[in-house]
Amino acid sequence: MAGYHTQKDDIVRRLRRIEGQVRGLQRLVEEDTYCINVLTQVAAVNAALQSCALALLEEHLNGCVTEAIVEGGEQAQAKVSEASEAIARLVRT
């Protein structure tokens, strides 16, 4: 089961909102909207994606990683490493 199962509805709602924002961006470009206005909306989409990613990460840390640490062993180290790699990818974007 995914670590975000308790927040699944919220995550899906966020992603649908982001999908609508991206469609709005496409429309702005098709309508030759002023560049700065498009860039402002791109920044809003990026912020929404970052917020969604952080919510997913928090759920992963509170669920999957915490459970693995409680169980101990190699699985714990693997989950911590996996989370560290995910954080590194988020920081780079």
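These are my notebook entries on a few things I looked up in this structure.

**Ground rules.** The model is predicted, so I note that local features need pLDDT of at least 70 and side-chain atom pairs count only at pLDDT 80 or more, while totals for chains, interfaces and linings use all residues. Residues are numbered from 1 along each chain as its sequence is written, and side-chain values use heavy atoms, with hydrogens and water left out.

**Helix H2.** I began with H2, residues 35-71; helices here are DSSP runs (H or I, at least four residues), numbered from the N terminus. Its 37 residues should span 54 Å at 1.5 Å a residue, and the end C-alpha atoms are 52 Å apart, which agrees. The expected span is 1.5 Å times one less than the number of residues. I also found a kink of about 35 degrees centred on His60; the bend is the angle between axes fitted to the seven residues ending there and the seven starting there. Just after H2, Gly72 takes a positive phi of about 75 degrees.

**Buried side.** Which residues of H2 are buried? Among them are Val38, Val45, Leu57, His60 and Ala68. Buried means under 20% relative accessible area, exposed over 50%, and partly exposed in between (1.4 Å probe, protein chains only). Their cover includes H1 (8-30) and H3.

**Cysteines.** I counted 0 disulfides, a disulfide being a pair of cysteine sulfur atoms within 2.5 Å. Cys52 is in none, and its nearest cysteine sulfur, that of Cys64, is 15 Å away. Cys52 counts as buried at 2% relative accessibility.

**Gln75.** Gln75 sits in H3 (residues 73-92) and is partly exposed at 42%.

Definitions and conventions: Helix = DSSP H or I, 4+ residues; strand = E, 2+ residues; numbered from the N terminus. Contact = heavy atoms within 4.5 Å.
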